[in-house]
Amino acid sequence: QVQLVESGGGLVQAGGSLSVSCAVSRSIFSIDVMGWYRQAPGKQRELVATITRGGSKNYAGSVKGRFTISKDNAKNTVYLQMNSLKPEDTAVYYCRADLGCASGTCSYWGQGTQVTVSS
C-alpha cells in the first residue's frame with residue numbers, strides 16, 4: 001500500500017507560478033514511476049508529467065517548457081513546479097504512484113489538490 005498526500009494548490013493569476021507537492025508514505029526508491037495528472041471540470045483526467053525511479057522525465061505537450069517535475073528521495077516527496085500558468089491549467093491535480101505488485105503493476109492515487117488560474 002502507498003499513501004499519497006498532495007499539497008500546495010491554490011489560486012494564482014495567469015502568468016504566475018505555483019508549486020504542488022506529493023508526500024509519499026514509503027521510500028520512492030521502491031516506486032517505478034511517479035506522476036502528476038489533472039482533471040478539469042467536465043473533462044477526463046490527463047497526464048501532466050511523470051518521473052521514473054531513474055529520474056527520466058516525461059511531459060504533456062501542453063505543459064512542456066512551463067512545468068517541471070522533480071523528486072526528493074530523502075524526503076519521499078515529488079514536486080511539480082508550474083510557471084507561466086494559464087487559465088486552462090485550472091484543474092484538480094493528482095499524484096500517482098506506479099509500482100510492481102503481485103498482479104503486475106499497481107497504481108495509487110492521492111486525493112488531489114485544486115489549482116485555479118484566474119485570467
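Predicted model: local features only at pLDDT ≥ 70, side-chain atom pairs only at ≥ 80, totals over all residues.
Leaving aside its neighbours within four places in sequence, Met34 is in contact with Leu4, Cys22, Val24, Ala49, Thr50, Ile51, Ile69, Val78, Cys95, Arg96 and Ala97. Met34 itself belongs to strand 4, which covers residues 33-39. Its relative accessible area is 2%. Burial requires a value under 20%, so Met34 counts as buried. One of its contacts is Ile69. Met34 and Ile69 stand 35 residues apart along the chain, and their C-alpha atoms are separated by 9.4 Å.

Met34 also has a place in the largest nonpolar core. This core has 33 residues. Met34 is among those with the most contacts inside the core, together with Leu4, Trp36, Leu80, Met82 and Tyr93. At least two residues each come from strand 3 (18-24), strand 4, strand 5 (46-52), strand 7 (67-72), strand 8 (77-82), strand 9, strand 10 and strand 11 (113-118). Strand 9 gives the most, with 5 residues.

Aromatic rings were examined next. The structure holds 2 aromatic pairs. In one of them, the ring centres of Tyr37 and Trp109 are 5.1 Å apart, and the ring planes meet at 65°. Planes over 60 degrees apart count as edge-to-face, so the Tyr37 and Trp109 pair is edge-to-face. This pair links distant parts of the chain. Tyr37 lies in strand 4, and Trp109 lies in strand 10 (residues 104-109). The two residues are 72 residues apart. Tyr37 is buried, at a relative accessible area of 11%. Trp109 has 35% relative accessibility and counts as partly exposed.

Trp109 also pairs with Tyr94. Here the ring centres are 6.3 Å apart and the planes are at 85°, so this pair is edge-to-face. The Tyr94 and Trp109 pair likewise links distant parts of the chain. Tyr94 is in strand 9 (residues 91-101), Trp109 is in strand 10, and 15 residues separate them. Tyr94 counts as buried, with 13% relative accessibility. Tyr37, Tyr94 and Trp109 form one aromatic cluster.

The charged end of Arg45 sits over the ring of Tyr94, 3.7 Å from the ring centre. Arg45 also lies over the face of Trp109, where the distance to the ring centre is 4.5 Å. Tyr94 and Trp109 are both members of the aromatic cluster.

Strand 9 and strand 10 run antiparallel and are joined by 6 bridges. Cys101 stands opposite Gly104 in strand 10. The two strands form a hairpin, with 2 residues between them.

Asn76 is not a glycine, yet its phi is positive, at about 50°. Asn76 lies in the loop between strand 7 and strand 8. Ser84 is not a glycine either, and its phi is positive at about 50°. Ser84 is found in the loop between strand 8 and strand 9. With a relative accessible area of 41%, Ser84 is partly exposed.

The overall fold can now be described. The protein chain has 0 helices and 11 strands. Along the sequence its pattern reads β-β-β-β-β-β-β-β-β-β-β. The C-alpha trace spans about 45 × 30 × 25 Å along its principal axes. For 119 residues, a compact globule would have a radius of gyration near 14 Å. The protein chain has 14 Å, which agrees. Buried residues make up 41% of the 119 residues. Contacts across the sequence were also counted. Among contacts between residues at least 6 apart in sequence, 53% join residues at least 24 apart.

Conventions. Residues numbered from 1 in each chain as written. Heavy atoms only, no water. Phe/Tyr/Trp six-rings, centres within 6.5 Å; stacked < 30°, edge-to-face > 60°. Helix = DSSP H or I, 4+ residues; strand = E, 2+ residues; numbered from the N terminus. Buried < 20%, exposed > 50% of the residue type's maximum accessible area, 1.4 Å probe, protein only. Lys NZ or Arg CZ within 6 Å of the ring centre and 35° of its normal. Contact = heavy atoms within 4.5 Å. Core = buried A, V, L, I, M, F, W, Y, C linked by side-chain atoms within 4.5 Å. Pairing = 2+ DSSP bridges. Rg over C-alpha atoms; globule rule 2.2 N^0.38 Å.
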